[in-house]
There are 2 protein chains.
Amino acid sequence: MEPASTEGQSDPPVRGVADRVVGVLGGGQLGKMLCQAASQMGIKVAILDPLKDCPANSVCHEHVVGSFNDGVAVREFAKRCDVLTVEIEHVDAVALEKLEKQGVVCEPKASAITIIQDKYRQKGHFSKFGIPMADFVEVDTLSSIEKAGEIFGYPLMVKSKRLAYDGRGNAVAHDKNELSSVVSSLGGFEHGLYVERWTPFAKELSVIVARSRDGCTVCYPVVETIHKDNICHLVEAPAQIPEKMKKLATSVAEKAIKSLEGAGVFAVELFLTNDNQVLLNEVAPRPHNSGHHTIEACYTSQYEQHLRAILGLPLGDPAMKAPAAIMYNILGEDEGDSGFVLAHQLIKRALNIPGASVHWYAKPGWFSPHT
Amino acid sequence: MEPASTEGQSDPPVRGVADRVVGVLGGGQLGKMLCQAASQMGIKVAILDPLKDCPANSVCHEHVVGSFNDGVAVREFAKRCDVLTVEIEHVDAVALEKLEKQGVVCEPKASAITIIQDKYRQKGHFSKFGIPMADFVEVDTLSSIEKAGEIFGYPLMVKSKRLAYDGRGNAVAHDKNELSSVVSSLGGFEHGLYVERWTPFAKELSVIVARSRDGCTVCYPVVETIHKDNICHLVEAPAQIPEKMKKLATSVAEKAIKSLEGAGVFAVELFLTNDNQVLLNEVAPRPHNSGHHTIEACYTSQYEQHLRAILGLPLGDPAMKAPAAIMYNILGEDEGDSGFVLAHQLIKRALNIPGASVHWYAKPGWFSPHT
């Protein structure tokens, strides 16, 4: 037995597994889960997020209220951190680049974030490295998008270069006549647009790749992601695809991440096409919602892995300790109280499933039953 | 992708998996781990602990600085909580009893804590329920302890009734001549002493039993605990003993807990004797360090289970999701800086073991590699 009353009275200060403060730009659910992993390891996390009640607020060591898009705020924030990282890529990457030149350790590197936060630039980068992707081209006038439509055919995927997530910033033109309205819906050409050849995929896959500060990489088992209204709805781990396709997906993901600089976990979203091609969709330079299940189902969660990676600790084992896992994302926030009631009914059902764990974002919850 | 900047802006307040504040008496490492489990589920935990920098401080929703032994402090603390629980049994149980009469929900019940916090009373209670234990008798004079020595033989285990943990409050008399010095070392008869017949055990076992508010119980797989200097040093899960002995240990543990009132997890420490008897050693009315491994190795950790139990949520699956696990407790605090250096060397080695996780108490760390 160990009573609390005598705990913490010993002289040496709390030092944790690594005696450095991790600064995280962003305090959403991914930041919260990073903080939870850090708490277990006694690692201190400071969060920069504009929202006072952001999800990570309740569990971080320190929350600096400010914008991760504001270079001055990021610079000030960096002073209290030993290593800077992100839980969102839409941060002031120019500020990070300047900080790096001043010797601040950013993991992953500002260059990786700069490339990734502009999806068109990201595609250009990966195509230089021979990563298979759907054809794409920048469009900046009606005639250029019409030309692209002629070449790629319809439906045509039109995308914003920046600040696109959860399907926001994506729109589909089903024929030439829809082009101008689709362009308007995305904020017009001045917003920065590109188009992609429509990819009729059999499955969407995701691979979390972790890279250590000394450049070693380990990959989590390939998962299948199922989206609903462009939001990740279900993750099946491992993906039910042939071993050969798993290997191909993993090698494409690893190759993509090796072309970027810096340590941490990266999520690589992929399409598996009907003719067994694996095409890169997009990359995130951080833990990802397609990796939530790693908390319960893998020896090392993506969050612990990210901390290990950016702190220069040895990478952990990404293997699954359960034969299979499902992550099911419950949403309710947009439906007001009735959404909450529904979410709570689903949560109650989840709590009755042997082996299921429920996680709560602090926006609504999600849970990951696994068997 | 989901940027942090838009999180938490939705109108409904954060409600979590259960919309009640859990008040925990004590903020040591067990309280900290309860808070970590609560954080994942979006459950708010308030802590009452006298130490400003107690382990749980960094991760609880609210920390009230005060003594869990002070009835007034406990009463005030209860006002902000929907359910009261403990992470240490040495709390003001009289205050809890009064609060219960006023309608405050305490889980487990004050009666269970009252029985358990006095080890002599605990033994008396369990013997009434036919739980097998080593013979014991109260001693309050030199002649009574000498008489006990004659009956039980030597070595003789002498124990304090109260505030005993990690071997503190226990002492061994090897013969009659040592009795008076052993009694003095335990603070004298006025401190409240009893003796136990020496139990030459083959193994020490532990079973975590969870009971829901509606009285259902589930038991975690039996583990073996190995103590070093009376502190839990190693936990092997599952215990390497015959199935028959596992069943016996589980049934003794379950029977013991069914004799106590209230919901939550309870730890039952047992001796397995050379002649295959299972004897109850002692019970804790809370999560226990012999159950740390449940975080990584079981579908539902003892901490999540405790929260589910006391909040009236369905109990989770206690089964192991890994075939085996080891918890190894690293201590370093008593050895000053050199202890820390040693602990950090051990932690570094642990981080290199595939499948190992490191947890940090905020006093020094412990880690639980499992394979």
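Tutor: The model is a predicted one, and its chain A is divided into domain 1 (22-106), domain 2 (135-197) and domain 3 (201-370). Between the centres of domain 2 of chain A and domain 3 of chain A, taken over C-alpha atoms, there are 28 Å.

Now to the cavity. Four cavities of 30 Å³ or more are counted, and the largest cavity has a volume of about 460 Å³. Its lining is made up of 31 residues, and the closest to the centre are A:Q40, A:I295, B:Q40, B:I295 and B:E296. Several elements give two or more residues to this lining: in chain A they are helix 1 (29-41), helix 9 (294-297) and helix 10 (302-310), and in chain B they are helix 1 (29-41), helix 9 (294-297), helix 10 (302-310) and strand 16 (356-360). Sorted by class, the lining of the largest cavity holds 13 nonpolar, twelve polar and six charged residues.

The axes of helix 1 of chain A and helix 1 of chain B are 11 Å apart, and the packing angle is about 165°. Angles over 145 degrees count as roughly antiparallel, so helix 1 of chain A is roughly antiparallel to helix 1 of chain B. The crossing of helix 1 of chain A and helix 1 of chain B is left-handed.

Some details of the backbone complete the picture. In chain A, the peptide bond from A:E107 to A:P108 is cis, with omega near -5°. A:P108 sits in the loop between helix 3 (93-101) and helix 4 (110-117) of chain A. In chain B, a cis peptide bond joins B:E107 and B:P108, with omega about -5°, and B:P108 is placed in the loop between helix 3 (93-101) and helix 4 (110-117) of chain B. A further point concerns A:D229, found in the loop between strand 11 (223-228) and strand 12 (231-237) of chain A. A:D229 is a residue other than glycine with a positive phi, near 50°.

Key: Residues are numbered from 1 along each chain as its sequence is written. Chains are lettered from A and ligands numbered from 1 in the order in which they are written. This is a predicted model: local features need pLDDT of at least 70, side-chain atom pairs count only at pLDDT 80 or more; totals for chains, interfaces and linings use all residues. Side-chain values use heavy atoms; hydrogens and water are left out. On a 1 Å grid over the protein atoms alone, a cavity is a set of points where a 1.4 Å probe fits but cannot get out, and a pocket is an open set with protein on both sides within 12 Å along at least five of seven lines; lining residues have an atom within 4 Å of a point. Grid points are joined across faces, edges and corners, and a volume is the space filled by probe spheres set on the points. Helices (H or I, at least four residues) and strands (E, at least two) are DSSP runs, numbered from the N terminus. Ala, Val, Leu, Ile, Met, Phe, Trp, Tyr, Cys and Pro count as nonpolar, Asp, Glu, Lys and Arg as charged, and the others, Gly among them, as polar. Domain bounds come from an automatic or database domain assignment. Axes are lines fitted to C-alpha atoms, for helices over the stretch in contact, and angles run from 0 to 180 degrees between N-to-C directions. Angles under 35 degrees count as roughly parallel, over 145 as roughly antiparallel, 65 to 115 as roughly perpendicular and the rest as oblique. A crossing is left-handed if the near helix is turned anticlockwise from the far one by less than a right angle, and right-handed if clockwise.
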